[in-house]
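User: I'm new to this one and would like to go through it piece by piece. Here is what I'm looking at.

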Amino acid sequence: MSLHNVVFVLMLAVLSTSGWAHSRAGKSEKSPSFPSTESVEAFLGRWDLTLKAPDREYPSWLELRKEGGQLKAQMVGRWGNARLLPKVELSNGRLTFVSPKEEEGRPDDMVFQGMLVGKILSGTTTGPDGTTWPWTGRRAPVLRAKNSAKWGKPIPLFNGKDLTGWKMDGSGTTVWRVEDGKLVSPGSGPELINDSKFEDFKLHVEFNCAANSNSGVYLRGRYEVQIETDSIEEPPSHHMGGVYGFLAASPELPRKPGEWQSFDITMVGRWITVVQNGQTIIDNKEIPGITGGALDSHEELPGPIYLQGSEKGHVAYRSIVITPAEK
């Protein structure tokens, strides 16, 4: 073969190989595959969820993270505490996570499926009766703590006489009552919600928790500081002074059923300090997300103080004073 022919054949081989590679590259771009690292990263972090049932909207919360190359999920559902989920998958841009039936009080698991479109995570799940519930998720705000808050004037939230400035929400055979200058929780009754809304604040609360009783103070209507004498066998974050499901009191002080005690709570952004009876038990810790029983999942907005009345037993409150931060 002449030198000219050899060169010609080699050129044909190169062109053929280049065309094959280009063709394969084109097919590779169009073929389905597992999400790239970048697409997984877009899902990671904390999400404030809203489930839209036929009767109402339920607040919820989800955190997605990678551990050891695997996707992990933690969730706060319609009730209860933050918990790890047994299953979470991300395939071809579709997210699937499962809340087990034991947590949901139903005969089957609650399966969530959704996709990320722009900045909104959205999808569907099913209610206990099999009806479709749409849900949406927005990335939870950072709510950074300010360097130094300036405090306004203290505002009493309870006048010691009646329920002026408060409203009851929920059902029950008994209701909140005022006795001898004290607010008394109904036990398995409605929640008691203050009419005003606050962003950053200091809150002073005096309470008397009877034996085998349970209540709590909700900050911005979303984060519960636990008041109880009935949860000793539950996780530490469920004990007196803990932020339910997230933060445990340290040190945990002895229970004092039937005795008056106090909380002095400072809330700035999502950072909290809790002082019980003059001793710091939570020292400027971050609350990751809403707790079970939250009024909504709109963490970026101010919210009310509310007192839990749906748990068993009776808890009395007297002095409830809030000092909001000045804007």
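User: Let's start with G216. Which residue does G216 stand opposite in β17?

Analyst: G216 stands opposite Q226 in β17. Before going on: this is a predicted model, in which local features need pLDDT of at least 70 and side-chain atom pairs count only at pLDDT 80 or more, while totals for chains, interfaces and linings use all residues. Residues are numbered from 1 along each chain as its sequence is written, and side-chain values use heavy atoms, with hydrogens and water left out.

User: How many bridges join β16 to β17?

Analyst: Six bridges join β16, residues 214–219, to β17, and the two run antiparallel. Strands here are DSSP runs of E with at least two residues, numbered from the N terminus. Two strands pair if DSSP finds at least two bridges between them. Another bridge partner in this pair is E228 in β17, which goes with N214.

User: What about the turn of that hairpin, which residue takes a positive phi?

Analyst: R220 does, with a phi near 55°; the hairpin of β16 and β17 has three residues between the strands.

User: And which residue in β21 does V217 stand opposite?

Analyst: V217 stands opposite L307 in β21. Strand β21 covers residues 306–307, and two bridges join it to β16, again antiparallel.

User: In what order do the strands of that sheet come?

Analyst: The order is β11-β14-β21-β16-β17, five strands in an open sheet with antiparallel pairing. Strands β11 (166–169) and β17 (223–228) stand at the edges with a single partner strand each, so one side of each has no neighbour in the sheet.

User: Is β16 buried or exposed?

Analyst: Six of the six residues of β16 are buried, so the strand is largely enclosed by the rest of the structure. Buried means under 20% relative accessible area, exposed over 50%, and partly exposed in between, using a 1.4 Å probe and protein chains only.

User: Switching to rings. How many aromatic pairs does a search of the whole structure find?

Analyst: The search finds eight. Rings of Phe, Tyr and Trp (its six-membered ring) pair if their centres lie within 6.5 Å; planes under 30 degrees apart count as stacked, over 60 as edge-to-face and the rest as tilted. One of the pairs is W61 with F246, edge-to-face at 5.4 Å centre to centre and 85° between the planes. W61 lies in strand β2 (residues 57–67) and F246 in the loop between β17 and β18 (260–268), so the pair ties together parts 185 residues apart in sequence.

User: What type of pair do F207 and F263 form?

Analyst: A tilted one, 4.7 Å centre to centre with 45° between the planes. F207 lies in β15 (residues 201–209) and F263 in β18, so this pair ties together parts 56 residues apart in sequence. Both F207 and F263 are buried.

User: What else touches F263?

Analyst: Q276 does; its contacts, not counting residues up to four places away in sequence, are M240, L253, Q261, S262, F263 and I281. Q276 is in strand β19 (residues 271–276) and counts as buried at 1% relative accessibility. The side chains of Q276 and Q261 are joined by a polar contact of 2.9 Å. A polar contact is a pair of N or O atoms within 3.5 Å; within protein, one must be able to donate a hydrogen and the other to accept it, and residues adjacent in sequence count only if both atoms are side-chain atoms.

User: Last topic: which ring does R78 lie over?

Analyst: R78 lies over the face of Y58, at 5.5 Å from the ring centre. That requires NZ of Lys or CZ of Arg within 6 Å of the ring centre and within 35 degrees of the ring normal. The side chain of R78 also makes a polar contact of 2.7 Å with that of E104.

Definitions and conventions:
Helix = DSSP H or I, 4+ residues; strand = E, 2+ residues; numbered from the N terminus. Contact = heavy atoms within 4.5 Å.
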